[in-house]
Amino acid sequence: MKKACILLEDGFYQEGLSLGADSETIGEVVFNTSMSGYQEILTDASYKGQIVCMTYPLIGNYGVNPQDVESSRVRVDGFIIKERSRIVSSWRAEKSLEEYLKQNNIVGIDSVDTRAITKRIRAKGSMKGLISAVDFDTGSLKEKLERFPSIVGRDLVKEVVCRESYLWEEATQEEEPKEKPTGTVAVIDCGIKFSILRNLKNYFEKIIVLPAEASLDKILELNPQGILFSNGPGDPEPVSYAIELGRKVIERLRNKELKAAVMGICLGHQILGLALGGKTYKLKFGHHGGNHPVKDLKTGKIDITSQNHNFCLDIQTLPRDLEVTHINLYDKTPEGMCHKNLPLFSVQFHPEAGPGPFDARYIFGNFKKMADSLS
Amino acid sequence: MPKRTDIKKILIIGSGPIIISQACEFDYSGTQACKALRQDGYKVVLLNSNPATIMTDPDFADATYIEPITVEVLEKIIIKEKPDACLPTLGGQTALNIAFSAAKKGIFEKYNVELIGANAESIAKAEDRQLFKDAMLAAGIDLPRSKVVYSLEEAQECVKEIGLPCVIRPAFTLGGTGGGVAFNEEEFINIISLGLKQSLIEEVLIEESVLGWKEYELEVMRDKNDNVVIVCSIENFDPMGVHTGDSITVAPQQTLTDKEYQKMRTQAIKAIRTIGVDTGGSNIQFGINPEDGRMVIIEMNPRVSRSSALASKATGFPIAKIAAKLAVGYTLDEIPNDITKETPASFEPTIDYCVVKIPRWAFEKFPEADPTLTTSMKSVGEVMAIGRTFKEALQKGLRGLESGKNGLESVIDSKRYRVQPQEVEAQIRAHLINPNAERIFYIAEALRFGFSVDEIHSLTSIDKWFLINIKEIIDFEIYLRSHRGLDAKTLSRAKELGFSDKQIAGILNIDEYKTYSFRQRHEIYPVYKLVDTCAAEFKAYTPYYYSTYEQEDETWISPGEKVVILGGGPNRIGQGIEFDYCCVHASFALREEGVESLMVNCNPETVSTDYDTSSKLYFEPVTLEDVLNITRKENPKGVILQFGGQTPLNLALGLDKAGIPILGTKASSIDASEDRDKFKKLLNKIGLKQAPSGIANSFYEAKKIAKEIGFPVMVRPSYVLGGRAMEIVYDEEVLERFVREAILASPNQPILIDKFLEDAIEIDVDLIGDGQTYVIAGILEHIEEAGIHSGDSAMCMPPFSLPDRMIERIRQATYDLARELKIVGLMNIQYAVKYDEPYVLEVNPRASRTIPFVSKAIGVPLAKLATKVMLGKTLEELGFTKEVELPYTCVKESVFPFNRFSGVDIMLGPEMKSTGEVMGIAEDFANAYLKSQIAASQSLPKEGAVFISVKNSDKRSMIFIAKKLKELNFEILATQGTAKALRNNGIEARSLPRISEGRPNILDYIKDKKVHLIINTPSGRIPRQDEIKIRSEAVRFGISCITTISGAQTSVSAIEVLRKDIITVKSIQEYHRELKKIN
């Protein structure tokens, strides 16, 4: 196995073994605390521009299968783990993690102290990092790292969004729809996770995915019962076209020219917040994992949720006709909001899971209910 | 919503004596619950018959009843204490069963007591097979195909549909007693018959075999607002078919994709809602078919369990404490996470290490028992290990087991590979196919021998992920073996893979010290990382550490004074909760004295490994290497090793050699008392008698000594605990066998051969000293005669038959010995009194098994005082200078695991076999003894028939006992010889034929429950087959069987009390107030 090294912005350097492509990568390093679900994480487009460090040390145990993907390919810009599995153990597995990373040309590293890396990010905030299997000169590595742009202010959505709209057919494997799915939902793709589409499929008959740059007319042509602003990578502010689209949708709702329920997830939630006049800011090291408690302020119920975001809506800046519906019990940041007068709500967490607990899947049911109530 | 204010006083039921499947994990959970509820201002009343628990310390409850755990006693306590609520979910199956029985009798309703945590309806739904099945199917959760039957006929009809092999599970039993897997019709009938008998409600479930499927457990918690969290997932290394208590288990789950895991998680949440566990924790087991992923629910415990203790230690999430808080109305988000402080308990812990639990068995104590592991639990303890990889954790766990292996070492001499390859292969194959205690070692052996992972998988059904990890260890071992000499890189890699210094030394054929010094030279040391519930996402405030070989060390070394306490490692017969109790007290004492306490232990069931017991917890194997790594880091003032039993004591010389100060009695004194040669010289010096004896290093020497002192003799190796390989021997042939065993049990240690004092009275004395002042804590008279291991004997305090002048002589002898050994801390001495003369049997310069019992009896926390003495305080300063006089009687009775090992003879001897103990306290001996018998589930009959069969020398003493029984209207059945002797003395007795000579014989009477008590003393050195059969059948059918004359005498007195029906209950706090009046 080839040697590889990792260098963080704060000077942390460690050598380990190359995992995947024997090459070099730079990105913002974040840690994810999920103990399973590495394949979903690797394929989640929200990680564009980021190098993911898994806090759970033993990765690759059950290999990689054709079903558990959140997009058509691996999206992370690098992968850091403690130990890869030498075997694949699952009746569904088709290849190993190593092969998967190699085929997708992703640079990774193992045999490093992932807990030490995590603690640094916790203490100092997310920072840039570099993995290399070709260059071990710390001076040169440092220079490359410094030259690399920050994630703040970069539009990463355009790198992951679909080029053309498409129809989605697959539903979730784990549960059957309780009622026959009806109506159409338009999904504004900012880096959509397939799990969102699978969950929508349990409620809506037609799922149409459109690129975030799509025009309002294109959406209205579909006569959708619901419009969903999807998750996606990075900073929401530079994604001006999606924010603009959001503004237009909201305006139509206000003018009663549009009868559709509007929902946002993660980046979609932030985009709707911005479209409504709010502001966003960057969290110290973000939320990335599958164990965050989120409280529904109306019912008092707590869901254990899947999370993946670095940016957050600033509650103080939200207009008065918006209401915070959910908060994160870890750090009290807002996790959901709804409009007091319009059929619009959004959540910061991932009700679709993938990976993570299924606790909050009922949110899609709420979305459908809201949509049905309009017709 | 905050806590409930409509309840003020809560009754907690404990789990009673330590038995297989219910060990100190319930002291851990009960102690947490007591603490949590009292902190919230509730009054706590506690019922638990086990004196060796922390929870029964008088400070942990407002009223502590060390009384038998029965419905009658429970009712008496309810009448007296008038609690508002009863919490039954923290005392294991015992507490749950008692609460369920009491609820069925309407007791809680009658006295207006609310069951909190789980109600009777949900208990029934989770425990009753049919109700459980119906509930799960209604909730859409898949189960193995199954049917509940109530008779053998029904069972035979049912198996036609389900097919063989099938699993048989009796309802309402502990740890799957009586269950099993039947592969053929004969086995099927046997297991069904036994299961029907052992089930409290004569109900048995027959189930589709899911043998070989992947097995998982989830620990689930729910609050009254229906918030549910999964605390931990656990994957079993051993697939379905082996009881989870007998399986190696790993946390978190390793081989499920997130989709499959989340599906399981969702079903677990559905299950806890369906069963209706309103608040608290549950343990839910699942099986998964590795071929297609079909998932079935196996069972659910609506209470805190052994696995929840493991999950708590594995994650840092205190399940029992939170369960108690939820039971009084808190919700998960209202309870802070102790470890992170800022985040709430309404989350799911995520871990960044791998946890491995390995069971420890005691088959060496029960050689006749079937060592195959099945669905009925057989292990007596467990070890947990934490590492950054499975490989590291597995090897740490294996050396922490203290089973003579320093890691994944060989069980077969490699020379045999060449000489007898076929035999070796057959041996390996057999050990892979049938699950057994050593299977993990045979997997390694198979890899060394050249089996492929696929082959091993097809023989064991163990997931290949585990096997490949083991292969990586063995591949490295092979590489190391071929690699001449050591280099820093190779050694570092070995340490990362969990190899111990000793193991590496063994592979390279060098001295352990050489590995160690090489490591020192190259500065290859472990780092310590935190267990923090959150994989470092938040700052942790609780110093709970494990070692690993990686880059960053997280320990924070304080400048203050600190002391290391060495724990006792995994529970085993001979070393269990009593020693953990002492370690916990040591920690409390250090805190009181302002000294930082550093606990080192690897037993997840204990209070000592609770993260808030000590200032710092090092969850590490208790081996010299692991301890020296910690002392190097912490540089403590000293190490306390008096309290953890033999485990830490075995490290005394090594620590001393490494220059680590040992607090309390000097290492040289410990050696002087442990080394029998040195000890003999010491006794001669102070003029104390010992039975004639000699020391042998070979069979030849042993034979010579035995000839000199004459048979019978007792053979024992030095440096062992629990009488391992100790035996009374009557002739040369048997002597040879036992000397061999003794050498195996304790190699390189001499063997002591004593003249065996038959029919002597045995005495245990516990003493505390500070090097100047010595105070006797307790003098305990054994009820059984000498020759039975002190851990197995019933004991009485104060002595019930010894004359005062003998007690005085023993007292003086004890003081002489203490002065000579300059005891600083605790000491225990055993004497045998024969012909009006005390003989010293052994001296242990450490906390003995009886310390918790004596502490409870005299109301003095001896281990705590001993710790303070070791820190330099005097007994005078501590205010303990006078022996305590008892105005009541305390009896300690032992509890045995015979019902787990069918066919095993229940005869007691010098090898300890009991797993736990109970305490009976009352105004007089007969009452106290009766309570102890009830508490130990030795049900004495009020009326009926008694079968008597005694050896010739006992016949005379038997006459008085039989007469008494006759007066009490018992019918007497006897063997011909005994019947004749009784009749000659005017006692009517019906004689029964020998088993081989006619029917109905005693076995028929036992099966028909026509006999209610059996008195059977062994006829000689080789027990007759008849006798073994009688005794083991008695155990099977739950009929009390007494095997000594003294036991019989005492039992008859107890029966007299029982007939008068005058059992009263009194709390330990009330007893201690009585003590204060007279002392």
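This is a predicted model: local features need pLDDT of at least 70, side-chain atom pairs count only at pLDDT 80 or more; totals for chains, interfaces and linings use all residues.
Start where the chains meet. The contact takes 45 residues from chain A and 45 residues from chain B. Look at the side of chain A that touches chain B. The largest share comes from α3(A), with five residues. Sorted by class, this side of chain A has 17 nonpolar, 15 polar and 13 charged residues.

Now move to chain B and find G41(B). G41(B) sits in the loop between α1 (25-39) and β2 (43-47) of chain B. Is G41(B) buried or exposed? G41(B) counts as exposed, because it has 10 C-beta neighbours inside 10 Å; the cut-off for exposed is 12 or fewer. Next, find T5(B). G41(B) and T5(B) are 36 residues apart in sequence. In space, they are 9.9 Å apart, C-alpha to C-alpha.

Helix pairs come next. Two packed helices are described by the angle between their axes and the distance between the axes. Take helix α12 (residues 390-400) and helix α17 (residues 464-482) of chain B. They pack at an angle of about 75 degrees, and their axes are 10 Å apart. That angle makes α12(B) roughly perpendicular to α17(B). On the α12(B) side, the residues in contact are F390(B), K391(B) and Q395(B). They meet N469(B), E472(B) and I473(B) in α17(B). By class, this contact of α12(B) with α17(B) has two nonpolar, two polar and two charged residues.

Compare a second pair. Helix α14 (residues 421-433) and helix α15 (residues 439-449) of chain B have axes that come within 9 Å and cross at roughly 140 degrees. How do α14(B) and α15(B) lie, and why? Angles from 65 to 115 degrees count as roughly perpendicular and those over 145 as roughly antiparallel. The two helices are therefore oblique to each other. The crossing of α14(B) and α15(B) is left-handed. From α14(B) come V424(B), E425(B), I428(B), H431(B) and L432(B). They meet residues of α15(B), among them R439(B), Y442(B) and F449(B). By class, the contact of α14(B) with α15(B) has seven nonpolar, one polar and three charged residues.

Helix α17(B) returns in the next stop, helix α19 (residues 501-508) of chain B. The buried residues of α19(B) are D501(B), K502(B), Q503(B), I504(B) and I507(B). They pack against α17, α18 (488-496), α20 (512-521) and α22 of chain B. After α19(B) comes N509(B), whose phi is positive, near 60 degrees.

Now for the sheets. One open sheet has six strands of chain B, in the order β17-β18-β21-β20-β19-β22, with mixed pairing. Which strands stand at the edges? They are β17 (527-530) and β22 (638-640) of chain B. Each has a single partner strand, so one side of each is left without a neighbour in the sheet. From one strand to the next, the twist averages 30 degrees. Inside the sheet, strand β18 (residues 544-548) and strand β21 (residues 616-619) of chain B pair in the parallel sense over two bridges. Y545(B) stands opposite Y618(B) in β21(B). Helix α22 (residues 624-634) of chain B packs on this sheet. It touches β18, β19 (562-566), β20 (596-601), β21 and β22 of chain B. The direction of α22(B) makes about 170 degrees with that of β19(B).

A second open sheet has five strands of chain B, in the order β36-β35-β34-β37-β38, with parallel pairing. The edge strands are β36 (990-992) and β38 (1041-1042) of chain B, and each pairs on one side only. Four bridges join strand β34 (residues 945-949) to strand β35 (residues 971-975) of chain B. V946(B) stands opposite I972(B) in β35(B). Helix α35 (residues 976-984) of chain B packs on the sheet and touches β34, β35 and β36 of chain B. Its direction makes about 125 degrees with that of β35(B).

Finish with strand β23 (residues 693-696) of chain B. Its covered face holds G694(B) and A696(B), while S693(B) and I695(B) are on the uncovered one. β23(B) pairs with strand β26 (residues 751-755) of chain B in the antiparallel sense, over four bridges. The bridge partner of I695(B) in β26(B) is L752(B).

Conventions:
Residues are numbered from 1 along each chain as its sequence is written. Chains are lettered from A and ligands numbered from 1 in the order in which they are written. Axes are lines fitted to C-alpha atoms, for helices over the stretch in contact, and angles run from 0 to 180 degrees between N-to-C directions. Angles under 35 degrees count as roughly parallel, over 145 as roughly antiparallel, 65 to 115 as roughly perpendicular and the rest as oblique. Two residues are in contact if their C-beta atoms, placed from the backbone, lie within 7 Å. Ala, Val, Leu, Ile, Met, Phe, Trp, Tyr, Cys and Pro count as nonpolar, Asp, Glu, Lys and Arg as charged, and the others, Gly among them, as polar. A residue is buried if 20 or more other C-beta atoms lie within 10 Å of its own, exposed if 12 or fewer, and partly exposed in between; C-beta atoms are placed from the backbone. A crossing is left-handed if the near helix is turned anticlockwise from the far one by less than a right angle, and right-handed if clockwise. Two strands pair if DSSP finds at least two bridges between them.
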